[in-house]
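This is a short report on one protein chain. Keep the sequence and the 3D view open while reading.

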Amino acid sequence: MTTFAKEESATETSIRRPPASAPSHHARSLLEIGGRRMPFMRWSFIRLLLSLRRLMRVWQVGDGREERLAGYVVENAREGDLDDVIRAIDEYSYSRSYMINVGDEKGAILDEAVRRARPSQLLELGTYCGYSALRMCRAMPDGARLVSIEFNAANAVIARRILEYAGVSDRVAVLVGTLGDGGLTIASLEAEHGFSAGSLDFVFIDHDKSAYVSDLELILSRGWLHPGSVVVADNVKFPGAPDYRAYLKECQDVRWRTIEHEAHLEYQSLLRDLVLESDYLGG
Ligand code: MG
């Protein structure tokens, strides 16, 4: 374990180094058991677990990995190339620091849901560094607009920098706040971003797991959804949003029709996770 800790922190402090600093074949084989990547052996994953409570409170791990991600994107991705920026973020998350982006595996489920919904107006709860916003931009129709809400102002700065670099900042607005901040963010969505009765076609929920149900209820109380609106939620199994899962189960085929997608937690293949994709039926 110590070996990997040293190895990964070495790569984190030498981002400019060529691939010679990547894990050796021997190290990589030890990082996998039965073909499964073992995030537990990565120092950056252990570091994240140690600060999980902090992470769930302030949405930064506390070691500067989010800021370094923006630098990595600028140095390693082609400016204005959405695909290449997404690729660079995945590369950083696999090889440098473990990140809590939705990731490539669950990201493909999100992409499909966006393509199916063909939304014009999208809302994301939990921008983090902008990875899922990039994926939604790629999958949504031309002319669609995404508003992404982020609790942490420093993350919002990082996400805006990455979105700008990818050339999509005219299609995404990042707002600092929460839906439950006493009406400030809701007022901004309605006054400045065109949210009104039945206007919202797609929602991606990926923030404070204990706020999934209350924020969905806030959205419903504003009447923004219409029959056919699609709501996708990440991390329903890990770290887990059991009350959200139960909430949707209770009104299956009455108010919501939900599909549960089995997947793995981002950037590894040992811990399992669930992505819920729910069609709003109205009522
Ligand atoms: Mg997530």
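This is a predicted model: local features need pLDDT of at least 70, side-chain atom pairs count only at pLDDT 80 or more; totals for chains, interfaces and linings use all residues.

Which exposed residues does the face of α3 turned away from its buried side carry? They are Leu49 and Leu50.

Residues are numbered from 1 along each chain as its sequence is written.

**Helix α3 and the overall build**

Helix α3 spans residues 43–50, and its buried residues are Trp43, Ser44 and Leu48. These sit on the same side of α3 because they cover an arc of only 140° around the axis. The arc is that of the directions from the helix axis to the C-beta atoms.

The chain holds 13 helices and nine strands. Helices (H or I, at least four residues) and strands (E, at least two) are DSSP runs, numbered from the N terminus. Of the 283 residues in the chain, 42% are buried. Among contacts with a separation of 6 or more, 69% are between residues 24 or more positions apart. Two residues are in contact if their C-beta atoms, placed from the backbone, lie within 7 Å.

**The core**

The largest nonpolar core has 75 residues. Such a core is a set of buried Ala, Val, Leu, Ile, Met, Phe, Trp, Tyr and Cys residues joined through C-beta atoms within 7 Å. Val73, Val85, Met136, Ile162 and Ala233 touch the most other members. Helix α9 (residues 153–166) gives the largest share of this core, seven residues. Domain 1 (23–95) and domain 2 (103–280) each supply at least three residues. These domain bounds come from an automatic or database domain assignment. Beyond its neighbours within four places in sequence, Ile162 is in contact with Ala70, Val73, Val85, Cys129 and Gly130.

**The sheet**

Seven strands form an open sheet with mixed pairing, in the order β5-β4-β3-β6-β7-β9-β8. Two strands pair if DSSP finds at least two bridges between them. The edge strands, β5 (172–176) and β8 (256–264), each pair on one side only. On average, neighbouring strands are turned by 15° against each other, direction ignored.

| Pair | Sense | Bridges |
|---|---|---|
| β3 and β6 | parallel | four bridges |
| β6 and β7 | parallel | five bridges |
| β7 and β9 | antiparallel | four bridges |
| β8 and β9 | antiparallel | nine bridges |

Strand β6 (residues 200–205) is mostly covered, with six of its six residues buried. Ile205 of β6 is the bridge partner of Leu125. Ile205 also has Ala233 in β7 as a bridge partner. Phe204 stands opposite Val232 in β7. Further along the sheet, Val230 has Asp279 in β9 as its bridge partner. Thr258 stands opposite Ser278 in β9.

Two helices touch this sheet. Helix α7 (residues 103–117) lies across β6, β7, β8 and β9 (272–280), and runs at about 150° to β8. Helix α11 (residues 212–222) packs on the sheet and touches β3 (121–125), β6 and β7; its direction makes about 160° with that of β7. Axes are lines fitted to C-alpha atoms, for helices over the stretch in contact, and angles run from 0 to 180 degrees between N-to-C directions.

**Helix α8 and Ala139**

Ala139 is in helix α8 (residues 131–139). Ala139 counts as buried because it has 22 C-beta neighbours inside 10 Å. Leaving aside neighbours within four places in sequence, Ala139 is in contact with Asp111, Val114 and Arg115. Ala139 and Glu112 are 27 residues apart in sequence, yet 7.7 Å apart in space, C-alpha to C-alpha.

**Backbone points to check**

Where is the cis peptide bond that has an omega of about -5°? This bond joins Phe238 and Pro239. Pro239 is in helix α12 (residues 236–240).

Tyr128 is not a glycine, although its phi is positive, about 50°. Tyr128 lies in the loop between β3 and α8. With 26 C-beta neighbours inside 10 Å, Tyr128 counts as buried.

Asn235 also has a positive phi, near 60°. Asn235 is in the loop between β7 and α12. Its 24 C-beta neighbours inside 10 Å make Asn235 buried.

Definitions and conventions:
A residue is buried if 20 or more other C-beta atoms lie within 10 Å of its own, exposed if 12 or fewer, and partly exposed in between; C-beta atoms are placed from the backbone.
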